[in-house]
Amino acid sequence: MTLVKTVLGHPVLRFLARRVLYSLVVLFGVLVLVFALVHLVPGDPVRIALGTRYTPEAYDALRSESGLDRPLVAQFFSYAGSAATGDLGVSFRNGDPVTLTLADRLPATLSLAAVGILIALVISLPAGIWAGLRRGRLADAIVRVCSQFGVSVPDFWMGILLIGLFASTLGWLPTSGYAPLAANPGGWLRHVILPGVTVGVVAAAIMTRYVRAAVLDVASMAYVRTAKSKGLPPRVVTLRHIVRNALVPVLTITGIQLATILGGVIVVEVVFAWPGLGRLVYQAVATRDYPVIQGAVLLIATMFLLINLAVDMLYAMVDPRIRLS
Amino acid sequence: MRGRAVAVGIVLALCLTACSPGRRVDLGDEAAGNLVAAIAGEPDQLDPQKTTAYFSFEVLENVFDTLVEPDEDLEMRPALAESWEVSPDQLAWTFHLRNGVTFHDGSPLSAADVVYSFNRIINEKLSNAYKFSSVSSVTELGPDTVRITVTQPTPNLLTNIGGFKGMAIVSRKNVESGQIATHPIGTGPFMFAGAKSGDSIRLKANPRYWGGAPAVSGVTFRFISEPSTALSALQAGEIDWTDSVPTQRVDELGGDESVRLGVTPSTDYWYLALNEARAPWGDVRVRQAIAYAIDRGAIVQATSYGTATANQLAIPTGSPWYTEYHRYRRDLDMAQSLLRATTLTDQTLDMLVTSDYPETVTTAQILADNLKPLGINVEIRTVDFAAWLDEQNKGNFDMLMMGWLGNIDPDDFYYAQHHTGGKSNAQKFSNPEVDELLDAGRTEVNRDARKDIYAKAATIIADQVSYIYLYNPSVIQAWTTRLSGYQTRQDGAIRFRTARLN
Amino acid sequence: MTKVSAALLAVIGIVAITADWLAPYGVNDIDVAGALQPPSGSHLLGTDELGRDIATRVLVATQASLQIAVAAVAFAFVVGVTAGVVAGYLGGWTDAVLMRVVDVMFAFPVLLLALAIVAVLAPGTTTTILAIGIVYTPIFARVARASTLSVRVEPYVQVSRTLGTGRIHILGRHILPNIAGPVIVQTSLSLAFAILSEAALSFLGLGIQPPEPSWGRMLFDAQGFMHRAWWMSVFPGAAIFVTVLAFNLFGDGLRDVLDPKQRTVTAARKNQ
């Protein structure tokens, strides 16, 4: 009871509680959608999955193991309940528990996303700040055009071209594949460069725009003008006020981009044979392995939601105006 | 200040991914003498008597044994059976088992295991039960002796029971515990040591193997579906062997000093089959018209870049059972005159292909071009292999393209596919003369007479277009120069028992 | 910039419509002997692994890609705008429910949701249109709703309602013209991304099926030949890039004219 009172009393906590609640509602909706996937399939998913391994016994076994012989609502709550405890069923193709498979593939995707974001930041921060500070001039125009180009480039095309140039022709880097960081750091780096750049450049194009916009916003703010009128040298004004205050929205944008990368990384993983979640989803879709599709989609959507939630909370803690809305 | 926080956060994230408990790579890889082989797909299961997937057999070839096995010339040699005799009336075969053979779990091999294995296939009607069609009983005559009695003389019994590992000798305990599909226990040169779904299967050497302990400490089969990934891994030294070599790269690899290439004509063959249960494909003139319209040369070139051999029958030139046959060639006039006698105009053809075998997709596009002038509109339906098998078995196609792997005896090439009601006769071909010939071939003991029978049968099969045979591909494998004691086999079986890494 | 991109779009549109006439060869004219030829006089963009003219296939693929993109975005437009306007205008429970559904859809990364839809229905042209259409519906809903909300509180609308003017009338005279700007901008931007999504789906083998040419599929085929036929990877990809860029630039240009308040961007960024 006191907990609830504390939360309701404090504006930030109240906001956070509202956001968490809201996220849970959306998560529920996601669960419903993911669950519905298997049942919207025209035809019998179990039959399709078994293919030539079909025998009446195997069919019955897989069907009851997947709970498909029970009423729809019961199935849903059973699925939701199991999902909450980490049981996402077993793969139709090889009977492996979905959760284990997901856990196996997650590190590769995370490392790709991390490298991608890093590269994106390295490109977009300087570029966006530079463009924002030189608004309307040539530098700004160049950055904006590059950003447009970057957004329009298909990431799989970029990946293929990079492979064609650096791997097939020059032979500097491997064409695809993955080596785990812990076991083989050198190999990991060699393998992650091309896919990381592919992911990073496209993300950078998007983020540059936001960084630039954030810098423009901050530059026009009152306290910056005040600082300038106080007679502080322009350099100091720039570095101390603009950059530091623009960094917060940039952080939130990074968070959003990270979430987007997690989903958009599918095609890049396929091009580079990167054994991550994205490639797993693709292979599962190609083989109609519904439990795996469900599990992976659920996981990615949940991560998406969590990251967005984290971004909102960060934003709220920093910007008082948001809390009161 | 905040920037630093971001940096720290990112570093932490990277560390997280690095220190993740995802026991990703097997410990055996870096161990001295472990062979890393990359195959193009993952086995669906490891029960040799149930699986029909080539990927499974690539692994299982090293885990299990059969009573007899083919050597590099595809002649049957002793394996688990040291010797055998056939009764004068040809109806009783007696096999004497090798002494001292043990399963990977230590239990000794006895005749009871052989009897159990074969009866399992027969009684449960598993994938290769048809190879035992003439077998009336399999019994244990003593702890080391097995008697197989047949209802009629069966000259190809040896290839039937040992042509590939589908008839492997399994352990009863392993089967009854249900473990065989995921943790197989055999008598072969390597033991199952672990699997990581979607990634790899590890085998380790069996020091008590009856043929002598392997020279490598183990084999790790990694699944790499992209040929370019496999090849660059090979060139980088990350793997030691792969059969995932796209034919268009063979030329350039031949000149690469860091890689050894093995190209051998194989006993596999690729074919087209028209579904005779669906009109108008039941009409032999329509099928022949199509046979005259296809550009076999272009298909062979586009799918194999000169590494395959066009063939209008199934059996390749290297085999003693080879028959010459050259009836068809691309002749649109002939095709059209055949069609004029039928009622076919503006026909759609549902062609079933699978993305898991890109040569089928390539060929389908060539066929679409080849058959257009005949008024046949080819609609290409691409599905994954499991779905493809399902569709084939349900008869849900007009035409399909597929290949059969690793055959030795002519009966293997023709019976199941072309006999009325044959287990692999998805095209529903039925010809009484062919049936008679194929049945006769099974019991004819005289080799020349037998060859004659099959020559006749094959000719009718091609004349009546049960299949449109396309080509015999080559087995193409590439391995590191450090690997010795390995050779590419015509039947595509992957044997690492004598492999050595320097 | 806007004029340049508009001109580019016009060219692309003309190509899409006249592709069959412009194309020098047939789309599936196979010539295995002439496979993998570099760009030359007879084949301006070279030939692919089956000897087909790449220029022809790139041109005809324009048609397929644009058709799918337009159909998908039309679907998203109709469903999304309707839902957004209804939610924005009626408010209350309708708004809450509709927007929660939209939020759920936003919880999925675009390609992931499209893949999931393709997994349910079999791959093919219709599925692709449906998948992309469904995936882009939420953004139209949000943009339409945001605009509707901001207009709804305008004095002239309030006055209309007090006067008792019919809802349809209000919608037609006041709301729709006002949301037109941001929605049109969104259409152009969505077309750009729809083309990218279709290319990605085809690249994964789950979109347009062979032998119908599609830029994405051509890139997929090009992968096996990177070492000896660079033209197979470069030209189809360039086609995608140029088309998407044109739509993006045009949309940006439109935004400066039609949506100076940047309602499209804010709508996308807000969570509610």
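Biologist: Across which strands does helix H3 (residues 111–123) of chain B lie, and at about what angle does it run to E6(B)?

Modeller: The model is predicted. An angle of this kind compares the N-to-C directions of two axes. Here H3(B) lies across strand E5 (92–97), E6 and E7 of chain B, and runs at about 165 degrees to E6(B).

Biologist: In what order do the 4 strands of the open sheet in chain B stand, and which are the edge strands?

Modeller: The order is E4-E5-E7-E6, and the pairing is antiparallel. An edge strand pairs on one side only; in this sheet that describes strand E4 (81–86) and strand E6 (135–142) of chain B. From one strand to the next, the twist averages 20 degrees.

Biologist: How many bridges join E6(B) to strand E7 (residues 145–150) of chain B?

Modeller: There are 6 bridges between E6(B) and E7(B), and the two strands run antiparallel.

Biologist: Do strand E15 (residues 347–354) of chain B and E16(B) run parallel or antiparallel?

Modeller: They run parallel, and 8 bridges join them. Within this pairing, B:Met351 stands opposite B:Ile380 of E16(B). The chain passes from E15(B) through H11(B) to E16(B), a β-α-β crossover that is right-handed.

Biologist: Why is E16(B) described as largely enclosed by the rest of the structure?

Modeller: A residue is buried if 20 or more other C-beta atoms lie within 10 Å of its own. In E16(B), 6 of the 8 residues are buried, so the strand is largely enclosed by the rest of the structure. Helix H8 (residues 284–293) of chain B is mostly covered, with 8 of its 10 residues buried. Among them are B:Arg287, B:Gln288 and B:Tyr292. The buried residues of H8(B) pack against strand E13 (269–274), helix H10 (332–340), H11 and strand E18 (467–472) of chain B.

Biologist: Which elements of chain B each supply at least two residues of the side that touches chain C?

Modeller: The contact takes 14 residues from chain B and 13 residues from chain C. On the chain B side, helix H9 (296–304), helix H11 (358–371) and strand E16 (376–383) each supply at least two residues. H11(B) gives the largest share, 6 residues. By class, this side has 7 nonpolar, 6 polar and 1 charged residues.

Biologist: Is C:Leu59 buried or exposed?

Modeller: C:Leu59 counts as buried because it has 23 C-beta neighbours inside 10 Å. C:Leu59 belongs to helix H2 (residues 54–90) of chain C. Leaving aside residues up to four places away in sequence, C:Leu59 touches C:Val15, C:Ala19, C:Leu22 and C:Ala23. C:Leu59 and C:Ser214 are 155 residues apart in sequence, and their C-alpha atoms are 9.5 Å apart in space.

Biologist: How many helices and strands are there in chain A?

Modeller: Chain A has 14 helices and 0 strands. Of its 325 residues, 49% count as buried. Considering contacts in chain A between residues at least 6 apart in sequence, 70% join residues at least 24 apart.

Biologist: What should helix H7 (residues 138–152) of chain A span?

Modeller: At 1.5 Å a residue, the 15 residues of H7(A) should span 21 Å; the end C-alpha atoms are 21 Å apart, which agrees. The buried residues of H7(A) are A:Val143, A:Ser147, A:Gly150, A:Val151 and A:Ser152.

Terms used: Residues are numbered from 1 along each chain as its sequence is written. Chains are lettered from A and ligands numbered from 1 in the order in which they are written. This is a predicted model: local features need pLDDT of at least 70, side-chain atom pairs count only at pLDDT 80 or more; totals for chains, interfaces and linings use all residues. Two residues are in contact if their C-beta atoms, placed from the backbone, lie within 7 Å. Ala, Val, Leu, Ile, Met, Phe, Trp, Tyr, Cys and Pro count as nonpolar, Asp, Glu, Lys and Arg as charged, and the others, Gly among them, as polar. Two strands pair if DSSP finds at least two bridges between them. Axes are lines fitted to C-alpha atoms, for helices over the stretch in contact, and angles run from 0 to 180 degrees between N-to-C directions. The expected span of a helix is 1.5 Å times one less than its number of residues. A residue is buried if 20 or more other C-beta atoms lie within 10 Å of its own, exposed if 12 or fewer, and partly exposed in between; C-beta atoms are placed from the backbone. A crossover is right-handed if, with the strands pointing away from the viewer, the path from the first strand over the helix to the second runs clockwise.
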